[in-house]
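The sequence and the structure come first, and the description follows.

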Amino acid sequence: MSMSSEPILQVSNLTKRFGNLVAVNNVSLQIPAGEIVGLIGPNGAGKTTFFNTITGLYTPDEGRVVFKGQDITGMPPHKICKLGMSRTFQVTKAFTEMTVEETVRVGAYNRHGEDDVMEKVDEVISFCGLEEIRHQKCGDLGLASLRRVELARAMATEPDLLLLDEAGAGLTAAELAELMEILRKLNREQSVTLCVVEHVMQMVMGLCERIFVLDAGELIAEGTPEEISNNPRVIEAYLGERAIR
Amino acid sequence: MDTVIQSLLNGALMGCVYALITLGLSLIFGVMNVVNFAHGDFVMLAMYFTFFIGSMWGVDAVFTPAVTFPLLFLVGVVAYYLIIDGTLRQKYVTQIAVTVGLMTFLRALTQLMWKAQPRALPYSLIQGSIHIAGYNIMLSRLISAGVSILAIGGVSLFLSRTWPGRAIRAASDDLDAASLMGVNYRWTYALAFGLGSALTAIAGGLLMTFQQVDPTMGVRFGLLSWCVLALAGLGSIPGLLISGVIVGAAEALSMSLWDPRARSLIVYLIFILVLWVRPRGLFGRK
Ligand SMILES: Nc1ncnc2c1ncn2[C@@H]1O[C@H](COP(=O)(O)OP(=O)(O)O)[C@@H](O)[C@H]1O
Ligand SMILES: [Mg+2]
């Protein structure tokens, strides 16, 4: 499969260890600008660790991360965010003491000063459909709302690449459909490149043009949704999980 | 009965200053989770700075924060970058060792510069007292309480209404998430440490309008502020004020009804009792 455009993110030979455990093992991949790509794999495959290592929360043991042509390996998270990468978290990390509006505002300060920050906040809040809860405290929200607030907060930083860690987990089918609609719109209208880590296959298959598969820290496959769903190694890796579904 | 009410009044007013001191400690502990043993010594340092500037330039103590506030902010920021920053990812023991070291250093430094005898400034502008319903209220204490409450309100507004204030709150809520939204944690921590230390400048200036300073002040205010923080718990600024008033009143009562030397004992007692019965404090969120 040929690259349709310049990669926004180039990861080469990335390795992250926890003691003896190799959570991410020599992973190389490229994310083309403007696409929606998926990163899947069974539980414990290293998806979250991969995100943490790319966004600067962890320092990789080996390998390089190049974002928009710039080497960001080992750079602190706030600088990476300034360069245009943001994310949401699998275990939600909302600012519990702040209102939805204030939370989004913290993200919006990334590119805006006090004079025009509220315009951005209003825009993102309406884009994500958060008007009704904008004055509620994040600590009082349910999971579906929290996930959307996290998405809004990340969007408010105006990223070029947005990483979503299991943003669909724990959502109902209707909530999931809404979320997918927001993500498509974000990709189409604001040309934000998206990388979604998902456990929910339905979401990745319906959303992504290209899918990467991690298993036990290693990249075992890459391709279109059809290619991936017919790949014997992927089927094997997911066998246990499929049986449950 | 009259003595009781009189000392409750005095203590409550003093308690507002305690609350202001504790607000600084609470910023440092709440935001970066650093147990700062040196906080009381920052108060002492602030009082000595007040004495120094007051006696050198003949400035009244109430006005010295104009100079000591930025000065202590700077001391706080430098202390953060020089010694706290490197210990953040280390064990708790390392952090404690470092702030205890800072405490010892400040104590030794002040003793070296101002010797061990108590120092005081000449009478402040705000001397005298007013009489209400037979009770005697020292003007300096009344104004100190008022200014403390104003300063607490100011910090509260800063935290809730400004960009740096929001960054501080976001970082104290979830550091990883805040970093990935573009908040520079070292900068935020330095700001919190600087502001936390600078608040002692206001308290120090106020305290010097009606009392003297000596090298034991560090321990006293360290203990007091930890006691008030334990009683209040993290996260509630009005709770901090109420707790300051409670501790101040308890201290004053024990001094007038029992023995002036019992003041620290009562404070210790409250401290231990709170940690034992209600570890999250009266108004704490967790
Ligand atoms: N901070 C950590 N310390 C030690 N081990 C970790 C840490 N984070 C993740 N791991 C381990 O790394 C492996 C990959 O975890 P993770 O990245 O969370 O997988 P996934 O997100 O794909 O479910 C797991 O075996 C997990 O237990
Ligand atoms: Mg995960």
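## Salt bridges

In this predicted model, the side chains of A:D165 and A:R87 meet in a salt bridge with an N to O distance of 3.8 Å, a salt bridge being a side-chain nitrogen of Lys or Arg within 4 Å of a carboxyl oxygen of Asp or Glu. Because A:D165 lies in strand β7 (residues 161-165) of chain A and A:R87 in strand β6 (residues 85-87) of chain A, the pair ties together parts that are 78 residues apart in sequence. Helices (H or I, at least four residues) and strands (E, at least two) are DSSP runs, numbered from the N terminus. Over all chains, the structure holds 24 salt bridges.

As to conventions, residues are numbered from 1 along each chain as its sequence is written, while chains are lettered from A and ligands numbered from 1 in the order in which they are written. Local features need pLDDT of at least 70 and side-chain atom pairs count only at pLDDT 80 or more, whereas totals for chains, interfaces and linings use all residues, and side-chain values use heavy atoms, with hydrogens and water left out.

## Contact between chains A and B

Chain A gives 25 residues to the contact and chain B gives 19 residues, where contact means heavy atoms within 4.5 Å. The area buried between the two chains is about 1900 Å², of which carbon and sulfur atoms give 62%; buried area is the accessible area (1.4 Å probe) that two parts lose on being put together, summed over both. On the chain B side, B:R166, B:L180 and B:M181 lose the most area to chain A, together 39% of what that side buries.

Four salt bridges are counted between chain B and chain A. The side chains of A:K93 and B:D176 also meet in a salt bridge, at 3.6 Å from N to O.

## Helix packing in chain A

The axes of helix α3 (residues 100-108) of chain A and helix α5 (residues 143-156) of chain A come within 6 Å and cross at roughly 30 degrees; axes are lines fitted to C-alpha atoms, for helices over the stretch in contact, and angles run from 0 to 180 degrees between N-to-C directions. α3(A) and α5(A) are therefore roughly parallel to each other, given that angles under 35 degrees count as roughly parallel, over 145 as roughly antiparallel, 65 to 115 as roughly perpendicular and the rest as oblique. In this contact, A:V100, A:T103, A:V104, A:G107 and A:A108 of α3(A) meet A:V149, A:A152, A:R153 and A:A156 of α5(A).

α3(A) also packs with helix α4 (residues 117-127) of chain A, at an angle of about 120 degrees and with the axes 9 Å apart, which makes α3(A) oblique to α4(A). From α3(A), the residues A:E101, A:V104, A:R105 and A:A108 meet a set in α4(A) that includes A:V117, A:M118 and A:K120.

## Helix packing in chain B

Helix α2 (residues 39-57) of chain B packs with helix α3 (residues 65-84) of chain B at an angle of about 140 degrees, their axes being 10 Å apart, and α2(B) and α3(B) are therefore oblique to each other. Among the residues in contact are B:F42, B:L45 and B:W57 of α2(B) and B:V67, B:L71 and B:G76 of α3(B).
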